[in-house]
Amino acid sequence: MDITFIGGGNMASALIAGLRKARADLNIRVADPSEDARQRLMREYGIDTFVRGSEAAPGSDVVVLAVKPQVMADAIEDLAPAIEDGQLVLSIAAGSTVSGLEKALGASTPIVRAMPNTPALIGRGFCGLYANAACRPHHREQAERIMQAGGEVLWVEDESLMDVVTAVSGSGPAYFFLLTEALAQAGAELGLSEQDALKLALHTAEGAGALQIHAGEPPAMLRKRVTSPGGTTQAAIEVLEAHGFRDLIRHAVSAATQRGRELGG
């Protein structure tokens with residue numbers, strides 16, 4: 001499979017590294033206006049680099065849009081004339097809707113919209129995917145293979161749900177970072193050194209996340225197993241529930257979903 005990345009930033013680099021690790025027979029090219037970025041990518045991955053997407057895209061099976069929202073319009077204007085029939089356009093650019101891309105590239109262009117999250121940088125990410133009507137099964141397979149280089153994937157059949165995916169998974173790591181930050185701060189305020197409190201919070205977050213994935217039980221059941229009647233965990237959970245913890249999370253995710261819809265027009 002021939003893949004061209006338009007943009008060579010952190011997420012593109014993470015996917016390239018994962019693809020290189022999983023499959024050595026891929027032909028990968030990157031277009032990026034930054035000389036420093038091109039030199040880094042050539043040095044680290046030995047791939048061909050270009051200044052413009054229109055130079056890199058011809059002949060590729062998949063063109064991956066990995067540019068920042070503020071430069072997307074310029075990137076698409078340059079790229080559009082070079083897109084070939086049947087060539088898959090896979091967008092990992094935040095805020096870019098399929099309808100917007102179809103307007104610029106044509107409704108007959110196979111387009112997949114992807115929403116990865118930052119744990120993809122270490123191969124532990126999760127990505128939501130949505131395909132337009134022009135996509136065929138092999139286009140979906142191509143998109144999956146690329147995004148699985150950063151972790152797990154989930155298809156949705158209604159593009160409006162991509163804003164929910166963004167709110168839960170795309171923005172979600174920040175919620176856990178905030179919880180970890182607050183947990184460490186509370187431990188330090190109660191007497192632990194800042195270093196020890198942070199270490200406890202970090203490893204607790206890592207262990208709890210891994211346990212939820214591998215235990216084969218819903219989070220509610222795992223929580224109940226930890227929460228002994230009248231114990232320390234119950235005392236903490238009661239405070240969280242009394243202060244509307246669930247409603248707070250629901251409102252936060254709803255706000256992120258609404259903002260995603262606004263950004264997407």
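R113 and E159 are both buried, where buried means under 20% relative accessible area, exposed over 50% and partly exposed in between (1.4 Å probe, protein chains only). Their side chains meet in a salt bridge at 2.9 Å, N to O, a salt bridge being a side-chain nitrogen of Lys or Arg within 4 Å of a carboxyl oxygen of Asp or Glu. R113 sits in strand 6 and E159 in the loop between strand 8 and helix 7 (161-170), so the pair ties together parts that are 46 residues apart in sequence. Helices (H or I, at least four residues) and strands (E, at least two) are DSSP runs, numbered from the N terminus.

All of this comes from a predicted model, in which local features need pLDDT of at least 70, side-chain atom pairs count only at pLDDT 80 or more, and totals for chains, interfaces and linings use all residues. Residues are numbered from 1 along each chain as its sequence is written, and side-chain values use heavy atoms, with hydrogens and water left out.

R261 bonds with D163 in a salt bridge whose closest N and O atoms are 3.7 Å apart. Since R261 belongs to helix 12 and D163 to helix 7, the pair ties together parts that are 98 residues apart in sequence. D163 is buried, at 10% relative accessible area, while R261 is partly exposed at 39%. The whole structure holds 11 salt bridges. Another one of them links R40 and E44, with 3.9 Å between the closest N and O atoms; both residues lie in helix 2 (residues 35-45), 4 residues apart, or about one turn of the helix.

Helix 12 (residues 245-263) also carries V253, which is buried at 19% relative accessible area. Leaving aside neighbours within four places in sequence, V253 is in contact (heavy atoms within 4.5 Å) with A167, V168 and Y175.

As for the sheet, 8 strands form an open arrangement in the order 3-2-1-4-5-6-7-8, with mixed pairing; two strands pair if DSSP finds at least two bridges between them. The edges are strand 3 (48-50) and strand 8 (151-155), each pairing on one side only. Strand 5 (residues 88-91) pairs with strand 4 (residues 62-65) in the parallel sense over 4 bridges, and V62 stands opposite L88.

A nonpolar core is a set of buried Ala, Val, Leu, Ile, Met, Phe, Trp, Tyr and Cys residues joined through side-chain atoms within 4.5 Å. The largest has 33 residues, and F5, L90, V112, I146 and M147 make the most contacts inside it. Helix 1 (residues 10-22) gives the most to this core, with 5 residues. Beyond its neighbours within four places in sequence, L90 touches a list of residues including V62, V64, V112, I146 and M147. A second, separate core of 23 residues includes I76, M115, V156 and M162.
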